[in-house]
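Trainee: Before we discuss the assignments one by one, may I ask that each be set against its definition?

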Amino acid sequence: MPEFDLHSLKKAWQEQPVQQKYDDNEILKMLNRKSRNYVKYIFWISVAEFLFITAIGLFYIIQGKESSSYLKILERLGVNKTLELETTFDNVFLVLKILSLSITAYFVYKFYQNYKGIKIEENLKSFILKIINFKKTVNAFILINIVLLITVTSIFTIFVLYIVNIQNVEVSNSSLTGFIVGIIISTILAVLMVWLYYRIVYGIIIRKLDKNLNQLKEIDSQES
Amino acid sequence: MISKEKEFAQLIKDNQGLIIKVSRLYTNSLEDEEDLFQEIVLQLWRSYDSFKGNSKISTWMYRVALNTAITLFRKKSKSLPTNELDINHRDFVEDDDDKQQQISLLYTVIKTLPNVERAIVMMYLDDLPYRDIAENLGITEVNARVKMNRLKKTLKEQMQKYA
């Protein structure tokens with residue numbers, strides 16, 4: 001084997017015999033082929049996540065469940081279900097639904113916009129960053145929904161305790177403890193499940209992108 | 001009048017070498033290589049309208065081919081660890097002189113590098129200016145040059161090791 005010199009191999013590299021593998025017809029057939037690519041997978045996973053979260057929201061809106069289920073909890077604790085209380089709950093839930101739908105509408109728009117912004121002919125770094133940014137839109141949507149869930153649950157728990165106090169309801173310690181523990185456990189479980197989902201699905205999807213992005217960043221930080 | 005599809009097919013035929021090289025550098029099996037080739041052609045077709053007249057053919061082709069190979073493509077077969085790389089890969093078949101043997105070995109050695117470094121070496125060997133290499137990857141020209149100088153040393157060591 002002669003002494004290795006990369007520069008001297010340039011010519012041989014460029015002139016390496018390339019078999020003409022495909023003719024016109026074969027190339028034209030490729031244009032109708034089904035694409036198997038990461039962005040497509042990320043897109044469909046994101047659409048599924050969007051639909052899932054939105055479907056849950058819409059289900060509750062159609063059923064009007066939040067309001068009545070909270071009122072049932074209050075009744076079980078011995079609180080008087082007054083008309084004023086019902087109206088207050090209905091109004092609060094209406095505001096929440098409008099807020100939730102507005103958030104969804106905004107994110108669907110951002111999702112579409114970021115997806116359309118991914119252009120394969122861009123440089124590698126921008127391409128990877130745009131894919132990550134696109135996925136982040138969906139993550140932000142889910143995160144906001146979780147924050148909203150925790151905030152609403154906390155506010156209603158405080159509100160329940162406030163009503164119980166205002167109406168001087170005698171609540172047994174065990175019911176009150178059961179109520180609080182139930183809410184805490186269900187909230188923790190919901191958050192835990194979402195976190196686990198992210199560790200698995202998001203981790204797998206983004207690992208490859210991060211690996212390539214880190215290589216680019218490493219190269220750009222080595223100037224000497 | 002030539003249809004858009006025919007025009008595109010001709011363009012691919014004229015530039016098959018570039019796509020074949022990328023497909024070979026980023027896969028370890030013939031099946032994956034064919035798959036990657038087809039995926040690159042498909043992505044080129046999908047971006048064909050936005051390319052027309054906007055940039056050089058080579059810039060557009062390198063970017064689409066490398067973005068597809070590095071970021072988009074899902075391999076069917078599992079990638080092999082470096083020490084198991086098929087040194088007797090068909091790259092060696094039909095090699096009849098030292099230069100070609102070195103090119104075949106070069107393929108094997110480049111495949112041991114991380115994705116981005118493979119791209120830098122390939123574009124260097126294809127004689128792209130550092131400015132274009134840097135622009136295609138989104139790094140600075142100085143860093144592309146520094147990295148390539150280090151890669152020359154690494155490749156030399158690896159080539160001698162494998163030889």
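Trainee: Which pattern does chain B follow when read along the sequence?

Mentor: Chain B reads α-α-α-α-α-α-α-α-α along its sequence, with nine helices and zero strands. Helices are DSSP runs of H or I with at least four residues, strands are DSSP runs of E with at least two, and both are numbered from the N terminus. The model is predicted: local features need pLDDT of at least 70 and side-chain atom pairs count only at pLDDT 80 or more, whereas totals for chains, interfaces and linings use all residues. Residues are numbered from 1 along each chain as its sequence is written, while chains are lettered from A and ligands numbered from 1 in the order in which they are written.

Trainee: Why is B:Asp32 called partly exposed?

Mentor: B:Asp32 belongs to helix 3 (residues 30-46) of chain B. A residue is buried if 20 or more other C-beta atoms, placed from the backbone, lie within 10 Å of its own, exposed if 12 or fewer do, and partly exposed in between. B:Asp32 has 19 other C-beta atoms within 10 Å, and is therefore partly exposed. From B:Asp32 to B:Leu42, ten residues on in sequence, the C-alpha atoms are 15 Å apart in space.

Trainee: What makes B:Asp127 count as buried or exposed?

Mentor: B:Asp127 has 11 C-beta neighbours inside 10 Å, so it counts as exposed. B:Asp127 is placed in the loop between helix 7 (115-125) and helix 8 (130-137) of chain B. Its phi is near 70°, a positive value in a residue other than glycine.

Trainee: What makes a set of residues a nonpolar core, and which residues have the most contacts inside the largest one?

Mentor: A nonpolar core is a set of buried Ala, Val, Leu, Ile, Met, Phe, Trp, Tyr and Cys residues joined through C-beta atoms within 7 Å. The largest such core holds 58 residues, and B:Ile40, B:Val41 and B:Ala65 have the most contacts inside it. Helix 5 (residues 57-72) of chain B gives the largest share of this core, nine residues. At least three residues of the core come from each of domain 1 (1-79) and domain 2 (82-163) of chain B, with domain bounds taken from an automatic or database domain assignment. Another core of five residues lies apart from it, including A:Ile53, A:Phe107, A:Phe111 and A:Phe141.

Trainee: Which residues does B:Ala65 touch, not counting residues up to four places away in sequence?

Mentor: B:Ala65 touches B:Leu18, B:Ile19, B:Val22 and B:Ile40 on that count. Contact requires that the C-beta atoms of two residues, placed from the backbone, lie within 7 Å.

Trainee: How many residues of domain 1 of chain B are in contact with domain 2 of chain B?

Mentor: Eight residues of domain 1 are in contact with ten residues of domain 2 of chain B. On the domain 1 side, helix 2 (16-25) and helix 5 of chain B each supply at least two residues, and helix 5 has the largest share, five residues. That side divides into four nonpolar, one polar and three charged residues. Here Ala, Val, Leu, Ile, Met, Phe, Trp, Tyr, Cys and Pro count as nonpolar, Asp, Glu, Lys and Arg as charged, and the others, Gly among them, as polar.

Trainee: How many residues does each chain bring to the contact between chain A and chain B?

Mentor: Chain B brings 54 residues and chain A brings 44. The chain B side comprises 25 nonpolar, 16 polar and 13 charged residues.

Trainee: How many helices and strands are there in chain A, and what does the globule rule give for it?

Mentor: Chain A has seven helices and zero strands. The globule rule is 2.2 Å times the number of residues to the power 0.38, and the radius of gyration is taken over C-alpha atoms. For 224 residues the rule gives 17 Å; the radius of gyration of chain A is 28 Å, well over that, so chain A is more spread out than a compact globule. Its C-alpha trace spans about 95 × 45 × 25 Å along the principal axes. Buried residues make up 13% of chain A.
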